[in-house]
Amino acid sequence: MENLLLIIAGVAIVLAIAYAVFNYFCVKKLEEGTEKMGEIAGAIRIGANAFIKYEYKLVAIIGAVIAVVVFIVISWQAAIAFVIGAVLSASAGWVGMKIATYANVRVTNTARESKDVGKTLKVAFKGGSVMGLCVAGFALLGVVIVFLVFGLGLGQIDEIVKGEISKNFITGLESSFTMTLSGYALGCSIIAMFNRVGGGIYTKAADMGADLVGKTEAHIPEDDPRNPATIADNVGDNVGDVAGLGSDLLESYVGAMLSAVILAGEMFMHGMVLSEKLLSSLLLFPIVFAGCGLLACIIGISYIVLKPRLSKNVHMELNIATWIAAGVTVGVGCLISYFMFKDIPADILKTNEIGFKVGEFSPWLAAVCGIIAGIVIGVISEYYTSYDYKPTKGIAQSSKEGPALTVTQGLATGMISCMLPVVVLALAIFGSYQLAGMYGISCAALGMLSFVAATVSVDTYGPISDNAGGIAEMSELDPEVREITDKLDSVGNTTAAIGKGFAIGSAAFAALSLMTSYLFAFSDINLIEELILNIMNPLVLCGALCGAALPFFFSGLLIKAVAKAARKMVEEVRRQFREYPGILDGTQVPDYKTCIEISSQGALKEMRMPCIFCILFPIVTGFIFGPYFVGGVLIGATITAIMLALFCGNSGGAWDNAKKYIEAGGLKDVKEDLEKLKEDAEKAEALADAKAEENVGKGSPAHDAAVVGDTVGDPLKDTVGPSLDILIKIMSTISLVAVVVFSEWNLFNLIF
C-alpha cells in the first residue's frame, strides 16, 4: 500500500512541476510591448535579481552554520534534511520572483493591446500559477524525498517500530525520524523568515518613500516615472510579495503536513499507537492527502488557464478556481481517508489515545474542519478589507476629515476584525480535536492548506498586476491600461488578505500539534492524560508572559527597520527633487539606481536582528530555564501572534483599499444635474456642497489622508503580518529540535 500511495504523491509532484514549466514558457513567449516598457521591466528584473542574490549569500552563511550545529548536536540525517528544506524553499522563492519579473510587462502589454480585463487576468494568473504549482510541488517533493530516503531507505521508520532509536555519535541523544522531519521543516522555515522579513523591509521602504514624497508632497501620481523610488518600489513587489510569499506559504504547507507526521511518530514511540499498520496509515495520510490536494489545484488552475473567455468579474473567476480546488480536495480526501483506515479495527481507532470518533472518516472530517475554517476566515477577511463593504468604505469616508481619523478608523477596523476569525479558529480546533484527537488538529492545518497551489496562484497574481500598473504608468500608456491593472490589483489586495488569513490559521493548528510533539520529546509518558503543561507552574507562567510579549517586540523591530530604511529613501527622493528641479517638469531623468541600492542595503542590514533574534530566543531561554519555560513561551507567543497577525493584515489591507476606493471615484456621490442646480437660486448651497463633494478623488485632501493611512498600513500588512505566522512555526520547530538537548542540560536544573 505504501508504494501505491506514494505513487499518487509522485504523480501529483511531476504533473505540478511540468504544468508550472509549461505556464512559465507560455508567459515568457508573449510580447513585452514597446521599447520603453521593455527597458523598465528590465530594470525591475535586474534589481530583483541583484537583491535576491545578495540575500541568498547571507542566508547561505547562516544556514550553513545552523546545518553544522544540527549535524553535531542532533544527527547527520536531520542536517541533510535541513539543507534539502532550505534549498527547495529558496528555489520556490527564486522561481516565483523570476516569473513575476517576466509576467509583469506582459500583463501590461496584454491590457494595452486587448483592452480586455479577462485576457489580462489570464496572463497575470498564468504567471501566478507558476509560483503556486512550484510552492506545492517543491514542498511535497522534499517531504517525499525525506520519507523515502531516511524513513524507508535508511530504516528510520523501522527504528521507531522496533523501539531501537539510533543515538547521536557526539551527544549520545536519541535522534529519531521525527527529528529528521523537523530538520526539513526547519530548513524551510529559515528561508521563509529571511525572505519574508528581508523582502518586506525592502518593498515597504521603497513604497513608503515613493508615497510620502511623490504623492503627498509632490502630488504626482503613483508610479509616476518622475518619482526616483518607483523602480525600487516595483522591485520590492517581486522580492517581498512574490519571493517572500512563496517561501512563506511553502513553509506553512510543510509545517501543516509534517506536524501530523511528527505527531504520529511521537505517539507510537510513547505507546499510544499500538498497531504498526495504524502507524503506517497515520504517517502516510498527510502526504497522500496533500498529493490529492495538489491534483485538485491543477484542475482548479486549469479552469482559468484553459477557459476560452474569462468574464470581467475578476473576483468571481478567482473564487471559482479556488472553490473547484477545495471541492475536489474534499471529495477525493474522503476516499483516501476511507481507503487508508478502513482495515484498522474500530475499537483501536476509537480508543482515548487515538480519538477517531467517526472511525476511518475521522481524519478527513478533521481536515474538512480546517478547509471550512479557512474559507470562512477568508470571507471575513474579504469583508473587512474589500471596498465593496462597509468597514473599508468607512475608512474612506473618514479620510475626508484628515489623516488622524483615517488612521484611527483603520486601527479600529483592524482590531474589530480579529474577533470573528479567532472564534472560527477556536471552533475548528475544538471540532477537529473531538473528531480525531490531537492528530485531528494537525489534519485541520493540512486541510486549510491542502489547496495551497491554488491560493498561492491567486495571491501571486496580485503583485504581478501591481507591477504591471507601475509599468503602464511609467511608460505613459493610455489611462485605460492602468484602469485594467488597477482593477486586478485591487482584487489582489483582498485575495492577499485572505491568503494571510489561511497562513495564520494553519500556523495556529500546526503550532498546537507541534506543541504536543514538543512535550512528547522530553516527557517520559505513556498516557495522553499525563501530557500536561501546567500554566500554574511558575516557570510555564513566566514563559507564557515573555512569549506573549515576544510578537510585539518582534513586530516593533520590523516596523523600526522599515521606518529606518524608508527614512533614507524619503531623504534621497527629496534630495533629488531639490537638487534636480527638472525632474518634476520632465526635463531631467531621476536616479533610480541609488534608490534601489538604498532599499537593498537597508533590507539586508535591518533583517538580521529580527531573524536571528527569533531563532536564538527559544534556544537561549531553553538552556537557561529549561523546557517548561520554553513551552510557556510557545503558548504565549502563539496566542498573541495570531491576534497581531490578523490585525496587521486586515487593517493594512483596509487602508490600502480605502485609498483605491477614493482613487476609483467611490466618494463622488453627486447624482444631481449641476446645471439645473445653478438655475435654482434656492439650491445654491446644495451646489456648493456638491462641488466640494466632487473634490475627493486623486490629489484631494481626502486622497492625501488615505495615502497616509495606506503608508501606515504598508509595513503592517506586508512585513509584520506575514512574518508573524513564520515566527510561530519557526519557534515551535526550533524548540522541537533543540528540546532533546536543553531538557537534559540547562542552568535551572543545575542550580535547583
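**View 1. The start of helix α18 in the predicted model**. A side-chain oxygen of aspartate 591 lies within 3.3 Å of the backbone nitrogen of lysine 593, at the start of α18. The helix covers residues 592-606, 15 residues in total. From its first C-alpha to its last, α18 reaches 21 Å, close to the 21 Å expected at 1.5 Å a residue.

**View 2. The buried residues of α18 and the helices around them**. Buried positions in α18 are Cys595, Ile596, Ile598, Ser599, Ser600, Gly602, Ala603, Leu604 and Glu606. These residues pack against five partners: α2 (35-73), α6 (177-215), α7, α17 (538-579) and α19 (608-625).

**View 3. Proline 618 in helix α19**. Proline 618 has a relative accessible area of 1%; the limit for a buried residue is under 20%, so proline 618 is buried. Leaving aside neighbours within four places in sequence, the residues in contact with proline 618 are Val630, Met731, Ile734, Ser735 and Phe742. Isoleucine 730 is 112 residues from proline 618 in sequence, while their C-alpha atoms are 9.9 Å apart in space.

**View 4. Helix α7 against helix α15**. Helix α7 spans residues 230-269 and α15 spans residues 452-474. Their axes come within 10 Å and cross at roughly 180°. Angles over 145 degrees count as roughly antiparallel, and α7 and α15 are therefore roughly antiparallel to each other. On the α7 side, the contact is made by Thr230, Ile231, Asn234, Asp237, Asn238, Asp241, Val242, Leu245, Leu249 and Tyr253. On the α15 side, it is made by Val452, Val456, Asp459, Thr460, Pro463, Asp466, Asn467, Gly470 and Met474. Sorted by class, the contact of α7 with α15 has nine nonpolar, six polar and four charged residues.

**View 5. Glutamate 476, in the loop between α15 and α16 (479-522)**. Phi of glutamate 476 is near 60°, a positive value in a residue other than glycine. The relative accessibility of glutamate 476 is 60%; exposed residues are those over 50%, so glutamate 476 counts as exposed.

**View 6. Lysine 115, in the loop between α3 (76-114) and α4 (117-153)**. Lysine 115 is not a glycine, yet its phi is positive, at about 55°. With a relative accessible area of 33%, lysine 115 is partly exposed.

Definitions and conventions: Residues numbered from 1 in each chain as written. Predicted model: local features only at pLDDT ≥ 70, side-chain atom pairs only at ≥ 80, totals over all residues. Heavy atoms only, no water. Axes fitted to C-alpha atoms, helices over the stretch in contact; angles between N-to-C directions. Helix = DSSP H or I, 4+ residues; strand = E, 2+ residues; numbered from the N terminus. Parallel < 35°, antiparallel > 145°, perpendicular 65-115°, else oblique. Contact = heavy atoms within 4.5 Å. Nonpolar A, V, L, I, M, F, W, Y, C, P; charged D, E, K, R; others polar. Expected span 1.5 Å × (residues − 1). Buried < 20%, exposed > 50% of the residue type's maximum accessible area, 1.4 Å probe, protein only. Polar contact = N/O pair within 3.5 Å; in protein donor to acceptor, adjacent residues only side chain to side chain.
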